[in-house]
Amino acid sequence: MFELLFLLLPVAAAYGYYMGKASSRQRRDAVSNTRAHNYIRGVEYFLNNERERAVDRFIAYFNESDPSFETHVALGNLFRKRGEMDKAISMHEALLSNARLSDPEHEVAQLELARDFIAAGLLDRAEQNLTHLVDIPRQRAEAASLLVQVYERERDYPEAIRVALKYQESMGRRLTVPLSHYYCEVAAAHALSSEGESEGDLYRKALSVNPSSLRARLGLCEVALRAGQNEEAFKLIKEVSALNPDTGLICLEYLLKIFPNKADPKLRFALDDLVRRTRSAAAMVELVETVEQSSGRDDAEVMLLSFVKEKPNLKLFSELMRLRSREEDQSASDAILQLKSLVDAQIASNYRYSCHRCGFQSRLLFWQCPSCRRWDTLKPIRGLDGD
């Protein structure tokens with residue numbers, strides 16, 4: 001009997017080994033299945049524009065992954081995108097303390113940490129990281145771009161210009177538009193302080209950087225108006241409307257400054273040209289009022305009806321009610337004017353501009369979107385209740 005038990009020991013050992021391997025394999029399969037499930041669900045949420053839920057799933061996926069350098073970087077970036085800056089900073093600082101990282105990996109971790117600091121508003125700490133990285137050739141382009149972003153956030157535009165020009169060769173054309181705006185910001189500050197280069201020279205530098213800059217032309221238009229050079233100002237406004245058909249609203253404001261007298265025949269010509277270039281409803285209304293003053297109500301109404309047929313719009317409808325109220329008897333006229341006041345209140349409550357990158361809406365024009373901080377992304381809202 002004892003000999004039989006002795007002979008069964010190898011069988012028992014083999015069975016135990018097999019069961020242990022099977023159990024280990026089951027655990028690995030369970031972890032693998034959980035990871036795959038988190039990854040697939042994250043992709044589904046991402047495709048369905050459920051960003052927060054997608055980020056949660058991807059964080060779970062990376063937490064269950066092997067703790068590699070790439071995994072740590074990706075996980076820290078996901079924390080940053082979700083706004084958990086303390087976790088992102090801790091994750092990237094932990095990477096920097098790893099003595100086994102290669103030099104390129106150490107530099108990447110520093111870049112990601114600088115991005116964390118910028119997102120958290122710790123601009124001085126970001127600047128410390130980036131002033132070191134910008135001297136490393138392989139990281140120069142990205143580090144210089146982030147360093148310019150730091151100075152932009154601090155509104156230190158002269159320093160942003162200095163860094164952008166110093167590393168322009170490394171960064172290429174990625175800062176063409178922002179750099180032109182930095183010159184415009186310095187020019188706008190100069191208009192208040194009268195120090196340094198002339199306002200006009202700064203706007204011309206902005207144009208040399210970005211020849212299609214609308215803001216620089218509008219700035220030069222302001223300079224020309226203050227100097228009484230209305231013809232030069234008109235020329236610049238024509239350039240703006242020719243470059244971008246979405247500038248009808250702002251070009252209209254300048255045209256009314258250039259030609260303050262509505263009886264001036266040049267104003268009618270300028271408005272007609274602006275309408276042709278931009279199809280702006282506000283410019284159409286102004287043109288109709290100018291025609292009414294110079295040629296009479298009948299001609300104005302004929303023009304307005306053609307505009308309404310081409311472009312149904314609340315501003316044009318309000319103007320049509322204004323003209324029609326003068327043709328009716330007193331009671332009908334009062335009713336039309338009351339309806340017009342309701343339409344005008346609706347127009348006044350609407351936003352005028354929208355960012356085509358993030359959807360931010362405003363009644364004022366911002367050259368830099370306050371939400372996504374991109375330059376030149378706010379456009380006039382078109383359509384029935386827009387321009």
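Does Asp273 count as buried or exposed, and at what relative accessibility? Asp273 counts as buried, at 9% relative accessibility, where buried means under 20% relative accessible area, exposed over 50% and partly exposed in between, with a 1.4 Å probe and protein chains only. The model is predicted, so local features need pLDDT of at least 70 and side-chain atom pairs count only at pLDDT 80 or more, while totals for chains, interfaces and linings use all residues. Residues are numbered from 1 along each chain as its sequence is written, and side-chain values use heavy atoms, with hydrogens and water left out.

**Overall build**

- The chain has 19 helices and three strands, these being DSSP runs numbered from the N terminus, with helices (H or I) of at least four residues and strands (E) of at least two.
- Of the 387 residues of the chain, 42% count as buried.
- Among contacts (heavy atoms within 4.5 Å) between residues at least 6 apart in sequence, 47% join residues at least 24 apart.

**Largest pocket**

- On a 1 Å grid over the protein atoms alone, a pocket is an open set of points with protein on both sides within 12 Å along at least five of seven lines, a cavity is a set of points where a 1.4 Å probe fits but cannot get out, and lining residues have an atom within 4 Å of a point.
- The largest pocket has a volume of about 430 Å³, a volume being the space filled by probe spheres set on the points, which are joined across faces, edges and corners.
- Its lining comprises 17 residues, of which Gln149, Glu152, Cys372, Arg373 and Arg374 lie nearest the centre of the pocket.
- Helix H7 (140-153) and helix H10 (176-193) each supply at least two residues of this lining, and the largest share, five residues, comes from H7.
- By class, the lining of the largest pocket has six nonpolar, four polar and seven charged residues, with Ala, Val, Leu, Ile, Met, Phe, Trp, Tyr, Cys and Pro counted as nonpolar, Asp, Glu, Lys and Arg as charged, and the others, Gly among them, as polar.

**Cavity**

- The structure holds one cavity of 30 Å³ or more, and about 50 Å³ of space lies in the largest cavity.
- Asp273 is one of the residues lining the largest cavity, which also include Phe234, Ile237 and Leu274.
- H13 gives the most to this lining, with four residues.

**Salt bridges**

- The count comes to 28 salt bridges, each being a side-chain nitrogen of Lys or Arg within 4 Å of a carboxyl oxygen of Asp or Glu.
- Asp273 and Arg276 meet in a salt bridge (2.4 Å, N to O); being three residues apart in helix H15, the two are separated by about one helical turn, and Arg276 is exposed, with a relative accessible area of 53%.
- Salt bridges that share partners join Arg80, Glu112, Arg115, Asp116, Glu142 and Arg174 into one network.
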